[in-house]
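Please read the points below with the sequence and the model open. They are meant for someone who has not looked at this structure before.

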Amino acid sequence: MALTRTHVDRFEAAMPRLEAIAYRLLGSASDAEDAVQDTFLRWQAADVDRIEVPEAWLTKVLTNLCLNQLTSARARRESYVGQWLPEPLLAGDPMLGPADTAEQRESVSYAVLALMERLTPNERVVYVLREAFDYPHRKIAEILDITEASCQQIFHRAKKHIAEGKARTEIDEAAARRIVEEFLAAATSGRTEPLVRLLTSDAIAIGDGGGKVPARTKAFEGAVAVAKFMRGLFRPSKAKRDLVGGSAGIYSTTANGAPAVVVVVDGRVIGVMCVEVTDDGIAAFRSQANPDKLERATRQWAATDHGEPLFHAF
């Protein structure tokens, strides 16, 4: 049936929440957009006047579409070149969704999105809907066609998996930013020791190039190994300038609600390094360099003023 303006408005009002759910479930902004568009097509084909609670109907349709994608994504990622990391979202991106509670902010953090890759599709759905959007277990159970008791068990299992992989207690954003800026100063000093002092002993560095840009297929582990890698990464060379297409501006900002380093060449975001900072120091660097996963970041970057870069690298 043809949708009326009222029906379209109803869907558009639900879109921000649907996109935020889909992004958390899929870890990809482009896949989230596709899932929301497919949800709209099903809304367009439905007898919407007979749908009693449109928001619940839309959430169920979207969730099932995402479940299908998560199942097929597991097979695709087995053949992915190198490490697979989520698509980062820069500060101000509406797809980040609600950030009123600690649970909502944590559910979209880059570290937790990466950890959610360990969950089964059902665990991921239950965790996201309950933790980030405060859905009652009864409603989630209806969406997944399971019992409420099963939903509660899945949630506790998912929370345990996430908690086991999380770093130590995080620190406030202002302090984290200062540490990131200290890191950048140390990384460009040409010395390893200042970097080591900023890192936790078990720090890691992971990069996702998607086979399209150089990225190590195995993570660097341990403060010394990570510090040596970072020192080399920021060491200027003609080969690096040729690779990225010029001198890169280095900015300190936030991505997914946490400190991040953004690398920009001629207005194009070529890298986003999400930094996980704890009371003990920097615990992880997760760098997204796959150009397919930086298109939205480039658009978001162009839409806001970031001032002058901290420095130019390479």
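1. C66 is buried, because its relative accessibility is 0%, and this is under the 20% cut-off. C151 is buried as well, with a relative accessibility of 0%. Please keep in mind throughout that the model is predicted.

2. How many disulfides are there? The count is zero. A disulfide is a covalent bond between the sulfur atoms of two cysteines. For C66, the closest cysteine sulfur is in C151, at 16 Å, which is too far for a bond. Seen from C151, the closest cysteine sulfur belongs to C66, again at 16 Å and too far for a bond. A pair would have to lie within 2.5 Å to be counted.

3. Salt bridges are present: the structure holds 16 of them. Side chains of opposite charge can pair when their charged atoms come close.

4. E12 and R5 meet through their side chains in a salt bridge, with an N to O distance of 3.3 Å. R5 is exposed, because its relative accessible area is 51%, just as the cut-off of over 50% requires. E12, at 43% relative accessibility, counts as partly exposed. This pair belongs to a network of salt bridges that links R5, D9 and E12.

5. R124 and E117 form another salt bridge, and their closest N and O atoms are 2.7 Å apart. Is R124 buried or exposed? R124 is buried, because its relative accessibility is 2%.

6. R130 is partly exposed, with 27% relative accessibility, whereas D134 is exposed, with a relative accessible area of 57%.

7. Next, the helix packing. Two packed helices are described by the angle between their axes and the distance between the axes. Helix α6 covers residues 121-132 and helix α7 covers residues 137-144. The two pack at an angle of about 145°, and their axes are 10 Å apart. Their crossing is right-handed.

8. Which residues make the contact between α6 and α7? From α6 come N122, V125, V126, L129 and R130, and these meet H137, I140, I143 and L144 of α7. By class, this contact has six nonpolar, two polar and one charged residues.

9. Finally, the backbone. Most residues other than glycine have a negative phi, and most peptide bonds are trans. D134 has a positive phi, near 55°, and is not a glycine. Where does D134 lie? D134 is in the loop between α6 and α7.

10. D145 also has a positive phi, of about 55°, although D145 is not a glycine. D145 is found in the loop between α7 and α8, the latter covering 148-165. D145 counts as exposed, because its relative accessibility is 62%. Please look at the backbone of D134, with its phi near 55°, and of D145, with its phi of about 55°, when going through the model.

Methods:
Residues are numbered from 1 along each chain as its sequence is written. This is a predicted model: local features need pLDDT of at least 70, side-chain atom pairs count only at pLDDT 80 or more; totals for chains, interfaces and linings use all residues. Side-chain values use heavy atoms; hydrogens and water are left out. Buried means under 20% relative accessible area, exposed over 50%, partly exposed in between (1.4 Å probe, protein chains only). A salt bridge is a side-chain nitrogen of Lys or Arg within 4 Å of a carboxyl oxygen of Asp or Glu. Axes are lines fitted to C-alpha atoms, for helices over the stretch in contact, and angles run from 0 to 180 degrees between N-to-C directions. Helices (H or I, at least four residues) and strands (E, at least two) are DSSP runs, numbered from the N terminus. A crossing is left-handed if the near helix is turned anticlockwise from the far one by less than a right angle, and right-handed if clockwise. Contact means heavy atoms within 4.5 Å. Ala, Val, Leu, Ile, Met, Phe, Trp, Tyr, Cys and Pro count as nonpolar, Asp, Glu, Lys and Arg as charged, and the others, Gly among them, as polar.
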